[in-house]
Each structure stands twice: as C-alpha cells, then as structure tokens.
Amino acid sequence: MWTRLVRSALIRRRTALPASRPPILHRQIPHRETVSLLLPSTESASRFSHLSGISHFHQNTRLFSSDTAEIHEEPPSEPLISEANEITGDSDFGAMNAFDENAKSELEDKDFSSESTVDYFKDVRGLDEDDGLGQVKENDPEKVETLLSLLQSSGTANGSLESDFEGMNLGLNDDLVLKVLETQYIPGENLICFFSWILKKPEFKLTTVVLDALVSAICTENRRTEAYALWDLVNEVGDKENGLVSTKSLNSLIEVFSRLGKAKAAFDVLNEFEELGCVPNADTYYSTLEVLCKRSFYSWACSVCEKMLSADKLPDAERVGKIISSLCKGGMTKDAHLVYLYAKDKKICPPQSSIDFLIGSLSRIERAGKGSEKEIDKELDKQNVSLALEMLNDYPAENRKYAIKPFSSVIKKLCWIEDVEGAKKLLLEMVKSGPHPGNAVFNSVINGLAKAGDIKESLYLMKVMKSRGLKPDVYTYSVIMSSYARGGEMEKACKIFDEAKKKHSKLTTVTYHTLIRGFCKLEQFDKAVDLLREMKKHGVRPNHDEYNKMIKSLCLKALDWETAAKLEKKMRKNGLILNGRTRALISAVKELDEGVSSEISAPA
C-alpha cells in the first residue's frame, strides 16, 4: 500500500508541474543550490504525519576549497523520471517505466517508519549522519578569494581583521592556511594577525609544516617589526605544545635577524633551542656567529664557538674560513686558532686566504701608543708566534712558494720579541725551500742581528742577499753602519758608507744621521759638521732636527758657539728657523765664553 501511494504521488507531481520539477539530486550539492524535497499531495499527507518534521529540506551553503578541481559532482546512476517525460510533460502512467527496477524494489521493500524514512532521504541527498541534516561546511572559493584580497590590503575599514575573519564563517584546515601563506603580496603583519586568530580556534590543529611555511613567508620580507612579532608567536607556540617548532624555523629567524643586524635577538633565539625542543645544527651556529662578529659581540661569539665545537657541528670549509677571519678581526686569535685545529682534526680544510690571515693575526705586532696604559704581553706574543710557526709547517708544498706574506710576518714577529736566532733559522729555510725572501725579510733579520751586536752574521746575510741576486738597499747599509757606530767603530762604519754611496746615487737623512751621531758621541765634531755640509752635495737636504741636534752638541759638549752660530745662519738660508731654546743656548754659551775670556785678560 505504501509503495502504491508514494508512486502515485510522484506521478501526480510530475504530470501536474512539469516545468517546476525538482532538480536531480546529487551526492554533493553545488554552492548555494537549494534543493526542496516535496512529499505527496495533501490527500495522503495525513498518512505521513510522522514525516511532517522533515517535509522540506533546504540545503545550506556548502563550502569548498578554492581549487575547482576539488568539486566532485557525481550524477545519480538512474534518474527518477525519464528524459522523455521531462521534456513532454506527459502524465501517462507509462512514465513509471522511467524508474529503475532496483529503485522499484527499493521502494517496495522500504519501511516508511520515522527513522528509516529520514535515513532514506539522507541517502538520496548524499548526507552523512554527522552532518546534522545536510549542513556540511567546506570553503567556498569566493570566500577564499575574499579572504586573500582582505589580507593583501593594508588595512580594513573597521580596523579589525579578526572581526572580518569571524564573519566569513571559514572552514579552517591546513589547505586553507597553506594557500594563504603561499599567496604573494600579503603583508607580514596581516599574516601574523591571521595566524594568531586561527590559533584561538579549537577546530584548527597546528602542524609543523604550517608553522614552517609561516616562518618562511615572514622571513623573506626582512622587516624588523614583523621579525620580532614572529619570534614572539613562535615562542608562544613552543610554550603551549612541545615539538611543533622545528630547527628549520629557528634557523630562518636567526638568519633574518642576522640580515637585520640584530645580534642580541639572534643570540636569544639560539639560547631558546633547548627550551623549544630543537637541536642546533651547523647552519644555526654559523648564522649566529656571523651576526655577532658583524656587530662586534666577540665575547658572545666565543661562547657560541665553544658550544659549536662541543656539539661537533662545524659548517663546511668555506664557512669555517669565514668564522676564523671574523674572530681574527675581533682580536680573538686564540679562539680562531682553536677552530682551525678542530677543523684540521675533522679533515676540513679552510680556504688558504683564511689560514694566511690567521697566521698574520698571530704574528701581528702591537705597539703601545703614547699615553696608553696598555702593556705589551711579551709572553703572550711568544705563545702566539709559536702557534704561527706550527701552522707554517703545515703548509702544502704547492702553496708554500706563494706564502711570502705569512712567512714574512712571522719573521718580523720573531725579531720583535728578540728571538733573532729563530728568525734567522726560518729565513734560511725560506732560502732553501721557499718562499723566496725579499729585501724586506733580509733587512728585518739583519736589523735584529745588528741590534743584538752580531755584526758578523749581519754581514753574512748581506752576502747571501747578493748571492741570490738581491741588491742591498740603503736601509740595509744604514743598519750595519748603525751597529758599527754604536760600538764606536767609525772607520768600519765609514767603509760601509762609502760602499753605499757607490751602490746608490742618493742616500737618506737616516744614513747621514747615523754617522753624525757616531762622530758626536766620540766628540769628533769637525767630522760631524763636514758630513752635514756633504749632505747637500749628495742631494740630501738636512732637516730641522739634524741642525738642532748638531747645534746642541756643539754648545753643550764642545762649547763651540761660533760654529753653532754659523749653522744657524745656514738654516735661515735654507728656510729653516731654529727654535728659541736652542738660540738661547747659543747666546748663553757665547756670553759664558766672553765672560771667561774677559776674566782671563783682566789680570794682564
């Protein structure tokens, strides 16, 4: 009986209103389509009183993702009414032939009780029990586009993005959030606002992939405000749930702080790795060290180096070289050398330029300036130069011949700390195995030997220079002359001076000053004055200092004010003016000499 009634009701509906036939039911209803399910006519409605509560089903808006490929509309396998009757509107009972035999049997066997009828219509409409009478919530592409346009704008009329988000009734899932994060031209502040809003929603489950995508999107902008806001958000996420924050995200934060020059922020991120359940890697330590050294936070950089070496997380060879160079620029040569040794132990070879720079830093000569309270630590200098010597021994044979600069710096440092024998030994090794030393290296060792009083070795090295085709320069001769003059051997000094005049057409004031000082020390002032006159003949113009010292020596030691007065007149001709104290000294010696002469001549 129920089957016959339902069948007749459907036929009457078809024949009476052919133009207003309900649309074909699908498993998935397109957006904003309203489906009305009509029951039999009023004559039989009383017999279906238990269905009155569901007499009309109005399909609510179903939200889809923005990708149209995700919309699947599967038509039912068989239409309820044949296509012929749909066109002609024929009301003949032959329209019943349009029913599939399976549909007929289904209607005949159906028990139209209250629950079964509802289940039946759910099956027809493609609804699940959990949907609650057809309310399935997916993201409508138009709403997604509206969301993206809103986020890409600089602000809203109401001034609150969160209120606009709430009004959209969005279905929050990873696909939607990732689409937002992958969309270009969205300001970082809007992304953070959107992300903060979805974190408040219990239906959204945050994943590491989504968080990494957010960090990557923000960090590409290199904006200070967004970077700090992102760091606060990551901290908040890490505090609520451990394991969501990844090392990749934290490294991106350190890198953006490095590009912004925010060393303290990068250092803070590194210190929070353990709290957030992450393990630093080689990129973490390198990025942190880079910004710390760039901003001259070298004490913090040293602590980061210690952590890096303890964790055995050295970066590649090129980055190790940059770390070594950065530490050397900050004066942290011991720490830089420690990194070098660790890399050497791990078979990591930094660029040769970084190694050369480290050797030069270990061999750097520090001089205390005038008025400086800084004292030179000779013992530390000895330790540093010994480390530099060890590094020179590690030089490959093919690179050694090009390493003149690091070898020269070590030799100069050895002479500076008065280790002349060590400098001489290294110089002879260079002569034998390379790199080939030049005049500057020979002069450094010859000067050191001369100051130590070893004239014999100085002359030997000068012969070695000549044998290698090097021409001793004026400085070389001046050094040996100075050594002889300090010992009072003026004859030997004059021989070297004569040789220097033959080899070089023009000498320097230092060369003449060396001999003049030696003659004055022996009180041979006439020879000293002759040298002063000879300077001009050889194209060397005496300066104010030479005249001043010569006049003082004549007045104080020889009491020869007359020669001193003549030198003063020559100074004036050469455009030099003697200072007042020295002129007063000449006058005083003159008055003293005249007074003594008058006293001697008075008794006579």
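User: Which residues is Leu 191 in contact with, leaving aside its neighbours within four places in sequence?
Analyst: The model is predicted. Leu 191 lies in helix α9, residues 188-199. Its contacts beyond four places in sequence are Val 180, Leu 181, Ile 186, Leu 214, Ala 217 and Ile 218.

User: Is Leu 191 buried or exposed, and what is its relative accessible area?
Analyst: Buried means under 20% relative accessible area. Leu 191 is therefore buried, as its value is 3%.

User: How far apart in space are Leu 191 and Leu 151?
Analyst: In sequence, 40 residues separate Leu 191 and Leu 151. From C-alpha to C-alpha, the distance in space is 7.3 Å.

User: What span should helix α24 have, and how far apart are its end C-alpha atoms?
Analyst: Helix α24 has 13 residues, 455-467. At 1.5 Å a residue, the helix should span 18 Å. That agrees with its end C-alpha atoms, which are 19 Å apart.

User: Are α24 and α25 roughly parallel or roughly antiparallel?
Analyst: The two helices pack with their axes 11 Å apart, at an angle of about 165 degrees. Angles over 145 degrees count as roughly antiparallel. So α24 is, relative to α25, roughly antiparallel.

User: How many residues in the contact of α24 with α25 are nonpolar, polar and charged?
Analyst: From α24 come Ile 455, Leu 459, Met 462 and Met 465. They meet Thr 476, Tyr 477, Ile 480, Ser 483 and Tyr 484 in α25. The division is seven nonpolar, two polar and no charged.

Key
Residues are numbered from 1 along each chain as its sequence is written. This is a predicted model: local features need pLDDT of at least 70, side-chain atom pairs count only at pLDDT 80 or more; totals for chains, interfaces and linings use all residues. Side-chain values use heavy atoms; hydrogens and water are left out. Helices (H or I, at least four residues) and strands (E, at least two) are DSSP runs, numbered from the N terminus. Buried means under 20% relative accessible area, exposed over 50%, partly exposed in between (1.4 Å probe, protein chains only). Contact means heavy atoms within 4.5 Å. The expected span of a helix is 1.5 Å times one less than its number of residues. Axes are lines fitted to C-alpha atoms, for helices over the stretch in contact, and angles run from 0 to 180 degrees between N-to-C directions. Angles under 35 degrees count as roughly parallel, over 145 as roughly antiparallel, 65 to 115 as roughly perpendicular and the rest as oblique. Ala, Val, Leu, Ile, Met, Phe, Trp, Tyr, Cys and Pro count as nonpolar, Asp, Glu, Lys and Arg as charged, and the others, Gly among them, as polar.
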